[in-house]
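Visitor: Could you walk me through this structure and show me how to read its features? I would like to start with the pockets.

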Amino acid sequence: SGFNSIGHMDTMSRGRHQIGHYKEGEEFIQNVFHVLSQIFTGKERSNLAICWLQYEISKVIQCLQAKKKKKLKAQGRKSKKLAKNFLKAPDNRNNLSLWKLYAYLEWLLGNTDDSRKVFDTALCTAGTGGLKSAQLCSLSLLYAQLEVELLESIEGAVMSRAVHILTKLTENGPYVPYSGQVLPVNVLKARKTYEHALQDYLSKTAVSGQDQVYDADQLVNLVGCYALFQYLTVGIDAAVLIYTQASEKLEVSGSQKCENTRENFGILNFPTALEAVTLLHTNLLRFHMKISVYPLNPLREALTEALKRYPSNQSLWRSYIHIQRKSHSASKARRFFDSVTRSTNSLEPWLFAIRAEQMRKKLTEKVQRADVGEIHCTIPETGLTNRIVALFEHAVQSENGTHCPLLWRMYLNFMV
């Protein structure tokens with residue numbers, strides 16, 4: 001059928017149609033997965049199953065964003081069938097990562113009760129590793145995060161299902177599903193356990209020159225669980241304090257390791273751990289602002305600091321342009337984009353700078369075209385088109401930009 005793209009480009013829209021997964025591209029990807037699943041065995045096969053399920057979840061999320069209900073139903077059926085087949089395989093029955101993805105898939109499809117059953121089953125069969133088990137921490141963290149998103153306010157959250165999940169994680173005993181109440185004494189015990197566990201982990205990272213490759217994922221999950229627990233039982237400031245402590249400690253140990261040895265592979269995990277902790281921190285602040293009154297400045301500061309350090313993190317950029325949309329003054333954001341693009345080779349700052357200006361242009365046009373007699377434009381059109389073209393010109397002249405098909409397509413699309 002000639003020339004077709006594989007996968008999808010969700011940043012481009014053709015008229016009313018969002019570009020989705022092409023039929024031929026989709027067939028190709030499915031064939032690759034099928035062929036590989038026959039070649040691989042054991043752990044590799046389980047890892048492939050995780051990748052495959054993540055890919056299916058990405059398609060479900062795309063259907064949700066495009067608000068296509070019929071397509072979502074069909075996609076949901078296919079993805080669930082695949083997930084169940086994976087979990088039937090003897091190798092995967094105790095694979096918590098797969099159980100986690102299946103539960104998340106059910107949650108995305110709106111089957112909250114089914115999803116809870118899957119989470120509870122997985123936690124009951126997971127054994128009693130407690131905070132020492134990375135997979136158990138990761139599973140509990142996602143479950144608690146999803147439950148927290150259902151809360152309308154932080155009042156009375158101490159009795160919520162999320163607190164029950166995070167409390168049970170610290171008890172090292174078998175998991176018991178939520179029965180509608182959480183004992184205050186258990187909350188106090190859990191807080192102590194989290195505190196000691198985090199101190200142990202952070203002191204472990206501070207001892208430089210250790211031979212072991214430090215498990216960064218485990219630390220991130222632990223910090224996430226403890227901060228979320230503090231958020232629900234004490235408040236936002238207590239949670240932010242934990243993120244700050246963990247970040248400071250990780251920064252120090254990361255720089256120590258770099259000085260001590262160039263070949264210690266433990267270093268490789270530190271930047272990723274720090275980045276993941278930062279992401280959890282900013283996401284929690286965003287959520288808190290959604291459900292209660294809270295100043296914007298802490299979030300803005302956390303995001304600008306993080307983006308200077310991780311200029312290619314797309315989730316952080318998305319949050320940044322989301323909060324900047326609310327302010328009518330673009331100059332601060334423009335100065336920030338300008339400083340980041342000068343100091344890095346990554347292409348993401350350029351793409352998001354262009355995206356932010358295009359959103360501003362769309363908003364301006366919407367206001368100017370409003371059909372209500374005499375209109376006073378709230379945001380003057382100060383040559384936004386020229387600014388966007390200039391950004392495109394600078395971006396395609398950069399080393400990475402020259403070779404980026406997405407950037408060229410966006411430029412052509414804009415000029416048309």
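Visitor: How much space lies in the second largest pocket?

Guide: Keep in mind as we go that this is a predicted model. The second largest pocket holds about 620 Å³ of space. Its lining comprises 26 residues, and those closest to the centre are Ala353, Ala356, Glu357, Met359 and Arg360.

Visitor: Which elements give two or more residues to that lining?

Guide: Four helices do: helix 13 (314-324), helix 14 (331-343), helix 15 (348-369) and helix 16 (384-397). Helix 15 gives the most, with 9 residues.

Visitor: And what is the lining of the second largest pocket like by class?

Guide: There are 12 nonpolar, 6 polar and 8 charged residues in it.

Visitor: Now the aromatic rings, please. What describes a pair of them?

Guide: The general idea is that a pair of aromatic rings is described by the distance of the centres and the angle of the planes. In this structure there are 15 aromatic pairs. One of them is formed by Phe33 and Tyr55; this pair is tilted, at 6.0 Å centre to centre and with 40° between the planes.

Visitor: Which parts does the pair of Phe33 and Tyr55 tie together?

Guide: Phe33 lies in helix 1 (residues 23-39) and Tyr55 in helix 2 (residues 42-66), so the pair ties together parts that are 22 residues apart in sequence. Phe33 counts as buried because its relative accessible area is 12%, under the 20% cut-off. Tyr55 is buried as well, at 14% relative accessibility.

Visitor: How do Trp317 and Phe336 pair?

Guide: Their pair is tilted too: 6.0 Å centre to centre, with 50° between the planes. Trp317 lies in helix 13 and Phe336 in helix 14, so this pair ties together parts that are 19 residues apart in sequence. Trp317 is buried, with a relative accessible area of 0%, and Phe336 is buried with 8%. Both belong to one aromatic cluster, formed by Trp317, Tyr320, Phe336, Phe337 and Phe352.

Visitor: Let me try a single residue. Is Ser115 buried or exposed?

Guide: Ser115 is buried, because its relative accessible area is 0%. Its place is in helix 5 (residues 112-125). Leaving aside neighbours within four places in sequence, Ser115 is in contact with Ala103, Glu106 and Trp107.

Visitor: Finally, how many helices and strands does the chain have?

Guide: The chain has 18 helices and 2 strands. Of its 416 residues, 45% are buried. Among contacts with a separation of 6 or more, 58% are between residues 24 or more positions apart. As for the surface, the chain exposes about 23,100 Å², and carbon and sulfur atoms supply 54% of that area.

Notes: Residues are numbered from 1 along each chain as its sequence is written. This is a predicted model: local features need pLDDT of at least 70, side-chain atom pairs count only at pLDDT 80 or more; totals for chains, interfaces and linings use all residues. Side-chain values use heavy atoms; hydrogens and water are left out. On a 1 Å grid over the protein atoms alone, a cavity is a set of points where a 1.4 Å probe fits but cannot get out, and a pocket is an open set with protein on both sides within 12 Å along at least five of seven lines; lining residues have an atom within 4 Å of a point. Grid points are joined across faces, edges and corners, and a volume is the space filled by probe spheres set on the points. Ala, Val, Leu, Ile, Met, Phe, Trp, Tyr, Cys and Pro count as nonpolar, Asp, Glu, Lys and Arg as charged, and the others, Gly among them, as polar. Buried means under 20% relative accessible area, exposed over 50%, partly exposed in between (1.4 Å probe, protein chains only). Contact means heavy atoms within 4.5 Å. Accessible areas come from the Shrake-Rupley method with a 1.4 Å probe; for residues, only the protein chains shown count as cover. Rings of Phe, Tyr and Trp (its six-membered ring) pair if their centres lie within 6.5 Å; planes under 30 degrees apart count as stacked, over 60 as edge-to-face and the rest as tilted.
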